Amino acid sequence: MAFTVYPAIDIRHGRVVRLAQGDYAQETRYGDDPLAQIEAYAEAGAEWLHLVDLDAAREGGYTLAPLLARIRADTGLRVQTGGGVRTEDDVRRILDAGAERVVVGSLAVREPARVLQWIETFGAEHVTVALDTRQGRDGVWHLPVHGWTETADATLDVLAVRYAQGGLRHLLSTDIARDGMLSGPNLDLYAHLKALVPTLEVQASGGVRELADVRAAKAQGCGGIVLGRALLEGRLGVAEALAC
């Protein structure tokens, strides 16, 4: 299984931002020119980009299609992107705009049967399911939705198995408690997922702070890692992450 490094750009109101633990009230801004930052990642050797429409994640209606088209034209990066994906037409429009994969989050929790149909329709290589999670006091991994502001009844374990059995290949899972906190990725979470759904390529996300975290996620058997704040703040570089 190949290991893929995904530099991440989260966009809100046209700016590059990061949220702490998914909280829209805890926003840090990193610039007003997303394309310049994306081009820098491409020049450093990145082959993939993880692009998030935070406005759409909260309100619905993906807004980054024009930017996506420019990314593909100017950099050649392969892009997985999401935010506000609600319908099959949304998936088709995002793919037509140049995305390699569409990331489906809240709807993948609320309506798994519909998303499983999309995997069949568009192919397993073109859909990434994002099961972002928060561990409860009971030890159960719960699944907040709607920009991480509500908690669904479904659990990570139940849905991860259902998607694996339904043909999913790419699963992204963020420990929300670590997202944007530079506290290190939750390796126990990824060990749990590796044991639970060994056929899936799991993308680690949340808390990455240094090169050792990238190496640890790879050693844990993850199929890739999403790098956000650590890249934006220069704590590690794309080239060194790729080299490991």
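**Exercise 1.** Find out which residues Ser-173 touches, leaving aside residues up to four places away in sequence.

*Solution.* Start with the list: Ser-173 touches Leu-131, Asp-132, Thr-133, Leu-156, Leu-189, Tyr-190, Leu-193, Gln-203, Ala-204 and Ser-205, where contact means heavy atoms within 4.5 Å. A word on the ground rules: this is a predicted model, where local features need pLDDT of at least 70, side-chain atom pairs count only at pLDDT 80 or more, and totals for chains, interfaces and linings use all residues. Residues are numbered from 1 along each chain as its sequence is written, and side-chain values use heavy atoms, with hydrogens and water left out.

**Exercise 2.** Is Ser-173 buried or exposed?

*Solution.* Ser-173 has a relative accessible area of 0%, so this residue is buried (under 20%; exposed is over 50% and partly exposed in between, with a 1.4 Å probe and protein chains only). Then look at the side chain: one of its polar atoms lies 2.9 Å from the backbone oxygen of Leu-131.

**Exercise 3.** Work out where Glu-125 lies and what Glu-125 touches.

*Solution.* First, Glu-125 is in the loop between α6 (112–122) and β7 (127–130). With a relative accessible area of 32%, Glu-125 is partly exposed. Leaving out residues up to four places away in sequence, Glu-125 touches Glu-100, Arg-101, Arg-169 and His-170.

Terms used: Helix = DSSP H or I, 4+ residues; strand = E, 2+ residues; numbered from the N terminus. Polar contact = N/O pair within 3.5 Å; in protein donor to acceptor, adjacent residues only side chain to side chain.
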